[in-house]
Amino acid sequence: MANIVETTDLTPRRRGLARRLGTRGPANIVLGLIAIVWLVPTVSLLVISLRPEADFGVSGWWKALLHPLSLTFSNYHVLFAQGFVAGGLLDSLITSLEITIPATLLVTFLACFAGHSLVFGRWRGRDIVFLVVVGLMVVPVQVALIPVVQFYRELGDLFGLNPYGTIPGVVIFHVAFGLPFGIFLMRNFMSGIPKDLLEAARMEGAGEWKVFYRIVLPLALPALASLAIFQFIWVWNDLLVALVFLGGNLHTPLTVFLYDQNHELQANYWIISTGAIVSVVVPLIVFFSFQRYFVRGVLAGAVK
Amino acid sequence: MSASVINVTRRTGAHRSWIRRHAVSLAFLAPAAIWLLFIVVWPTIDTVRLSLFNESATKFLGLTNYKTVFSTDTILTAFRNNVIWVLIFPFFVTTFGLIFAVLTERIRWATAFKALIVMPIVFSTTASALVWATIFDNSPQIGAVNAAALTVSDWFNAPGAYPVSTTAGQTVADLVGSDSRFEKGGNSIISTSSARAGAMIDIGLRDVSPTTLTVLKAQKAVKPQPMSGAITGVVWRAFSPTAPTNTKDILPGELGLPLLRLSLVNAQGATVASTTTTTSGQFKFANVGSGKYFVELVSSNFSAGFTGISWLGGSSLTPVSGLNQTAQALLSVPLADMAMIICYLWIWAGFAMVLIGAGLASLNREVLEAARIDGAKEWQVFRRVTVPMLSPVLAVVFVTMIINVLKVFDIVLNMASGSSVNATPTLAVEIYNDGFTGGVHSGVSSAIAVILFLLVTPAMILNLKRIKGV
């Protein structure tokens, strides 16, 4: 009996194996080629940044792959040796961090608070507030730029503190436009936390603040991580907001540094490529360290 | 059950503590709410007001700014470019994402592949645009695309030793002097009078690049001796400062043209023999039969071959002729737009792949297996089962990408250069150009911003419906 079962079982299994081999071969080849194509831009940027300045425009970067010994770190050396001069690469790196870190922390925590209020609060109209937030998610940054610039100037006239042209000015703007997605993410994640847990704590007399940081915050950590990574990458890579609020400033973030270099009369590609690699390394580290959370954020952002 | 009972007792019993909890909860929301009101909600409303005023916001103009928007060429170009982006990009990025997601299910190294494809999303669009600007560069010494195209085209259509630069307006006829015994025939050069065996033919060509001759190690041109039964001759570079128009005689210091291909053509126009010149420009057709012959400098000598595609220059695909200039400009597709869209696909395909991949993973495997057992081929399963079941996810990707592309900015600002700057702006770029270059000007820029806002509203409503439904 056992024998019969085995032989009848074998046929579909074999057919499955043959089909798998037949379909997997081409898939491997096609995806292999796609992977190579996808790698080319990154590799080219890296190779150009490692080639001597004089080689650019004389021969294609791919020629350097045949002579790997001709690659040098001299471009990095030159730019780093400048130190923290205003408008230099290292200065821009620091400026990028000065903008990105506070903007990320603020959005993450404010969104956490707001999410808590929207999920565990008992006041009426929570759903309407949430829908407004969802609506605000697609508002283009461009729509708010001019009024905010004028608002900043009015603050300067009234209180002598004009955030226009300063790092806090950029941070304030980024926080505002990061909040809708942040609140959306946190609210959706927190609705999955069982309400009984909170009820139990409240029964024992814990205040709302204690409930938040003892129960909700620890449970929401994965969503917090997703949001922080998302916000970090989004602010780090922004060009428009920095250009409007910090364009022409002494200290500009990396994106504006690259933009300015590219719009010089005689664009220096050795500076651009080296600067671009430096600008890309930070988000890459973040991405590879927290890939799981990043992907989760992508999924949460578009599909509920 | 028990929780709701407790709730009821609490609401009626401890009214004051309920109010207190209510206040604390609102305080949790307050910082975010105030922030959003001041920097997002109120400015958005204020932009609508500003769009009805002049550029320094001092005088009410009504809808004048909107009229300006729809009658300014650069802004109309921006509209056209947004349409091009919306029509092309979301479709292709969704298709790429779908293909990648389906194929990665069949490989063992899916994790590595996914990481590689997703990676460009974390790069700044500025950096990506600058990389792709070099990839599409005109020069085959910089741009990989043109270098590859050049390599391939050289197999089929190799440039000759003496390319004529058609882009600089040069033609083969320019090489022939007015006193020459040769003339232009098609893209070749052919003798005007016939020759018989034993003749000696000399041809001087003008406008030949001296660097070409240096590379080919050309030597002084020397007239060969006539030989019986053969047609001999010499081709040289006619360039003498003392007699610039003389292409008949070899003057002192003039060099022969090496490696030039010649054909011997009989009276019927058929090629009977071919040869190539020596380093001093001499050639010889031996054993020429009786009859009259012509000597032809074949066209391949002068072919410039493929000189690369100017992706990021100002060139466009303009399919329509017979329209007025404005209409033609509005219907043409700049090549630079295509280059930018390709770069943007590189950035966003990973996003589409991740979303569609998640949708694929949550599909009901039994339905797919049932289709396979019923004898459906892989393609049929994909076309008739997988895609329809995935359509909600595909729609989400599509809509998200439409919103994204409506706001496209960084890539245009960084990839366009030279003449493509005027051909490629989008609405977002125009808002920036009108509003923030050379001081802040609110009027027209705000009007474009309001229009951009209206364009994303359908997506906003769609989002709201989706979330309310959930």
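Predicted model: local features only at pLDDT ≥ 70, side-chain atom pairs only at ≥ 80, totals over all residues.
1. Residues are numbered from 1 along each chain as its sequence is written, while chains are lettered from A and ligands numbered from 1 in the order in which they are written.

2. Chain B has a radius of gyration, taken over C-alpha atoms, of 35 Å. A compact globule of 470 residues would have one near 23 Å, by the rule of 2.2 Å times the number of residues to the power 0.38. The C-alpha atoms of chain B fill a box of roughly 130 × 75 × 40 Å along the principal axes.

3. Of the 470 residues of chain B, 38% are buried (20 or more other C-beta atoms within 10 Å of the residue's own, with C-beta atoms placed from the backbone).

4. The largest nonpolar core holds 170 residues. Such a core is a set of buried Ala, Val, Leu, Ile, Met, Phe, Trp, Tyr and Cys residues joined through C-beta atoms within 7 Å. B:Ala32 and B:Met415 touch the most other members. Helix α10 of chain B (residues 335–361) gives the most, with 16 residues. Another core, of 36 residues, lies apart and includes B:Tyr162 and B:Val298.

5. Leaving aside neighbours within four places in sequence, B:Ala32 is in contact (C-beta atoms, placed from the backbone, within 7 Å) with A:Leu110, A:Ala111, A:Phe113, A:Ala114, A:Leu179 and A:Ile183.

6. Chain A is divided into domain 1 (2–72) and domain 2 (86–303), with bounds from an automatic or database domain assignment. Their C-alpha centres lie 36 Å apart.

Note on methods
Buried ≥ 20, exposed ≤ 12 C-beta atoms within 10 Å, placed from the backbone. Helix = DSSP H or I, 4+ residues; strand = E, 2+ residues; numbered from the N terminus. Contact = placed C-beta atoms within 7 Å.
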